[in-house]
Amino acid sequence: GLSDDTPSPAAEKRKLLLDRVGTAAAWLCVLAMWAAYGWFFTKLSITNHHALVTRTIDLGLYDNIFFQSAHGRPLACTFLKGGTHSSAHFDPILVILSPLYYLYPRAEFILGLQSVWIGSGVIPVFLLARYQLKSKLQGVMLAAVYALHPAIHGANMYEFHSLSLSIMPVLWVLFALQSGRLKLYWVMVAVSLLVREDIPLMLSMVGVTCLILPGSKLRGTGALTVAVCAVYFVIVKAFFMTSGGVIMSGPEAYSYAYYYAEMIPPKSGLGGMVLTLFTNPSFVLRHALEEAKLIYMAKIFLPLMLVPLFTKSWRLTLAYGLAFTLLATRDAVFSPAFQYSMTILPYAFAAAPIGIKQLSEGNFARVYNLDRARFQRALVFAALAGTLAITYKFGGVVENQAFRGGFARVVRTLTPEQQAHYDWMEQAKLLIPQKASLGVTNKIGPHVSNRKDVFLYGQKNVQWVFVDEKELKADRLKRHKQAIQQGKLEEVTRRGSYAVFKFVNPKAKPQEPAAPPEDTGEEEDVNDVLGDEPGSEAR
């Protein structure tokens with residue numbers, strides 16, 4: 001017979017049934033979070049776009065890349081040097097995704113795609129937490145922390161960027177590695193590498209972590225990861241981009257050296273930055289720990305109770321992202337309102353469950369005689385409670401004064417005037433033949449970037465012009481008005497400072513051609529590109 005301690009078959013069945021119900025409920029919660037996140041931020045980002053908050057730099061760039069790639073011109077972009085995004089970044093994931101663009105070929109589609117893509121990160125976060133903490137409920141809670149994280153909202157709402165897409169596949173890489181699913185690991189490594197050319201620099205730290213894990217059986221995987229990342233990075237730089245430099249250089253590429261201006265001595269490039277790191281560590285430390293950067297770190301890590309920073313071994317995966325953001329001079333790089341937080345966030349969310357487990361099983365819990373399971377639950381609950389407080393103040397779900405998507409506050413509801421203006425724009429652009437070449441200013445660009453021949457006004461001779469005349473610099477505005485007075489530009493329709501013109505003589509040149517943007521296509525200073533007056537709302 002059965003002993004008193006042996007569960008009866010009926011009890012076993014009840015336990016199995018409850019486990020299955022719990023698993024189904026957990027998955028239902030996670031999928032509901034994904035759906036809610038995707039719907040909310042798709043709607044919010046499209047509303048923001050219709051309020052004319054988005055710009056050619058960057059939403060128009062990426063919309064044009066999707067259009068060109070879907071029409072057989074991979075990574076082409078008429079707004080950029082050489083007509084290709086390879087002058088700034090190499091992100092073939094956009095080419096792979098471009099057939100989806102046919103579903104709804106305009107910028108609203110890629111805004112929705114980005115929101116749904118980023119929102120799907122709740123799934124690997126749930127799996128990571130459930131695997132490490134052995135709790136479905138705690139997995140759901142940490143997935144909620146992800147969905148509510150202010151920096152994820154900021155990146156999501158800053159138009160569209162390929163770097164923002166990196167968080168989901170990198171999270172899958174880390175889950176596959178931790179759970180020993182090496183086939184899935186290599187598939188997701190491949191997907192991650194296709195997102196952007198600097199992803200191998202981030203993933204190489206995952207390989208190094210595998211090499212140093214105590215008693216690790218993953219040293220071979222780690223060594224191969226580092227090798228694959230190095231080879232891929234060199235091949236991309238040598239054969240697919242217009243500059244082989246790590247931070248880019250040359251007349252056909254956009255340099256990123258200005259991101260780190262204080263770290264790089266004049267005319268020295270990346271080598272000068274490395275020299276600064278090794279010869280002036282006190283300056284580097286002061287630079288990395290400036291007040292604004294410490295506030296940034298708090299916004300990134302407080303929702304996770306700072307746990308990733310103290311997680312043994314796995315905190316090394318944070319190294320690249322911390323260096324990338326904290327050594328920067330340009331304040332956008334260390335702001336949760338921009339996409340650069342994605343160099344940190346997937347590694348922080350993957351390290352957090354391990355860190356919580358280490359804390360609940362470590363010396364602290366033993367010294368204070370804490371119950372391991374209760375302490376672990378308390379840490380997860382504290383992370384969720386802290387996230388709710390922080391996202392209320394800085395996140396995108398609840399309207400507040402602090403939240404930004406890029407440089408600007410997010411518009412949540414269109415006023416009647418904004419709606420009327422957007423409706424007029426939709427009608428105005430129908431007057432422009434799809435195959436005609438078009439010149440635009442920065443606000444107009446992302447609304448008409450789904451065409452083959454569209455340029456920044458003055459970049460090329462064009463047949464049609466769609467501009468906000470308030471965006472034109474004084475000298476360019478003067479040439480623009482001269483062209484109107486000389487009869488070279490014929491006004492077709494106007495609403496305030498927004499107007500559509502047709503060149504009466506397409507060969508006439510109303511102004512001197514302007515050079516393409518001088519710097520990166522990521523969050524370009526629109527004052528330099530299009531001539532906004534100082535203090536422009538775009539900054």
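**A sheet and a pocket**

Let's start with a pair of strands. Strand β3, residues 464-468, is joined to β5 by 5 bridges, and the two run antiparallel. Strands here are DSSP runs of E with at least two residues, helices are runs of H or I with at least four, and both are numbered from the N terminus. Two strands pair if DSSP finds at least two bridges between them.

A word on the source. This is a predicted model: local features need pLDDT of at least 70, side-chain atom pairs count only at pLDDT 80 or more, and totals for chains, interfaces and linings use all residues. Residues are numbered from 1 along each chain as its sequence is written, and side-chain values use heavy atoms, with hydrogens and water left out.

Back to β5. Asp-468 has Tyr-498 in β5 as its bridge partner. Strand β4, residues 489-495, also runs antiparallel to β5, with 6 bridges. Glu-490 stands opposite Lys-502. Glu-491 is bridged to Phe-501. β4 and β5 form a hairpin, with 2 residues between them. In that turn, Gly-496 has a positive phi of about 65°.

How many residues of β5 are buried? It is 5 of the 6 in residues 498-503, so the strand is largely enclosed by the rest of the structure. Buried means under 20% relative accessible area, exposed over 50%, partly exposed in between, using a 1.4 Å probe and protein chains only.

Last, the pocket. Which residues lie nearest the centre of the largest pocket? They are Val-246, Ile-247, Tyr-260, Tyr-320 and Phe-324, out of 23 lining residues. A pocket is an open set of points on a 1 Å grid over the protein atoms alone, where a 1.4 Å probe fits, with protein on both sides within 12 Å along at least five of seven lines; lining residues have an atom within 4 Å of a point. Thanks, everyone.
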